Amino acid sequence: MRRNNTEQARLFQIAALCEEAVAQQRERECRLGYGLDDYTEGRIVGAANLARKIRRVLTGGVDPAATSLPRR
């Protein structure tokens with residue numbers, strides 16, 4: 001049983017890191033904008049893209065951010 005809790009804790013850590021990467025990209029888009037430093041901006045966008053893919057794997061193909069949005 002302990003192993004399962006450890007694995008679950010690791011998954012939560014991975015999910016938190018993914019969320020942090022996506023939030024960093026959103027912050028960049030909303031407040032700072034793009035066009036100042038292509039290298040850093042590329043890393044932020046790439047990290048957020050990878051984080052979204054990892055999050056999809058962890059959730060079985062369902063993106064939690066997409067499912068929480070209201071449907072019109």
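Mentor: Let's start with Ile-14, which lies in helix α1. This is a predicted model, in which local features need pLDDT of at least 70, side-chain atom pairs count only at pLDDT 80 or more, and totals for chains, interfaces and linings use all residues. Residues are numbered from 1 along each chain as its sequence is written, while side-chain values use heavy atoms, with hydrogens and water left out.

Trainee: Happy to start there! Why does Ile-14 count as partly exposed?

Mentor: Buried means under 20% relative accessible area and exposed means over 50%, with partly exposed in between (1.4 Å probe, protein chains only). Ile-14 has 34% relative accessibility, so it counts as partly exposed.

Trainee: And what makes Phe-12 exposed?

Mentor: Phe-12 also has its place in helix α1. Its relative accessible area is 55%, and therefore it is exposed.

Trainee: What is called a helix here, and how many does the protein chain have?

Mentor: Helices (H or I, at least four residues) and strands (E, at least two) are DSSP runs, numbered from the N terminus. By that rule, the protein chain has three helices and zero strands, and its elements run α-α-α from the N terminus on.

Trainee: How do you know that the span of helix α2 agrees with its number of residues?

Mentor: The expected span is 1.5 Å times one less than the number of residues. For the 21 residues of α2 (residues 38–58) that comes to 30 Å, and the end C-alpha atoms are 30 Å apart, so the two agree.

Trainee: Which residues of α2 are buried, and why are they said to line one face?

Mentor: The buried residues of α2 are Glu-41, Ile-44, Ala-48, Ala-51 and Arg-55. Looking down the axis of α2, they fall within an arc of 90 degrees, so they line one face of the helix. That arc is taken from the directions that run from the helix axis to the C-beta atoms. An α-helix has 3.6 residues a turn, so residues three or four places apart point the same way. Turned away from the buried side, the other face of α2 carries the exposed residues Asp-38, Tyr-39, Arg-43 and Val-57.

Trainee: What makes Arg-31 and Glu-27 a salt bridge?

Mentor: A salt bridge is a side-chain nitrogen of Lys or Arg within 4 Å of a carboxyl oxygen of Asp or Glu. The closest N and O atoms of Arg-31 and Glu-27 are 3.5 Å apart, and the pair counts as a salt bridge. The two residues are four apart in helix α1, which means about one helical turn separates them. Arg-31 is exposed at 67%, whereas Glu-27 is partly exposed at 39%.

Trainee: Which salt bridge links distant parts of the chain?

Mentor: That is the one between Glu-41 and Arg-28, at 3.2 Å from N to O. Glu-41 sits in helix α2 and Arg-28 in helix α1, 13 residues apart, and both are buried.

Trainee: How many salt bridges are there in the whole structure?

Mentor: A search finds four. One of them joins Arg-26 and Glu-19 at 3.9 Å, N to O, and 3.9 Å is within the 4 Å limit. Arg-26 has 38% relative accessibility and Glu-19 has 35%, so each is partly exposed. Glu-19, Arg-26 and Arg-55 are linked in a network of salt bridges.

Trainee: What about the cysteines: is Cys-18 buried or exposed, and Cys-30?

Mentor: Cys-18 has a relative accessible area of 4%, so it is buried. Cys-30 counts as exposed because its value is 66%. A disulfide is a pair of cysteine sulfur atoms within 2.5 Å, and the structure holds zero of them.

Trainee: One more: which residues form the nonpolar patch on the surface?

Mentor: Leu-11, Ile-14, Leu-50, Ile-54 and Leu-58 do, with about 390 Å² of accessible area together. Both α1 (2–32) and α2 give two or more residues to it, and α2 gives the most, with three. Patches take residues with over 30% relative accessible area and no salt bridge, joining like charges within 9 Å and nonpolar side chains (Val, Leu, Ile, Met, Phe, Trp, Tyr) within 5 Å. Ile-14, at 34%, therefore passes the area cut-off.

Methods: Accessible areas come from the Shrake-Rupley method with a 1.4 Å probe; for residues, only the protein chains shown count as cover.
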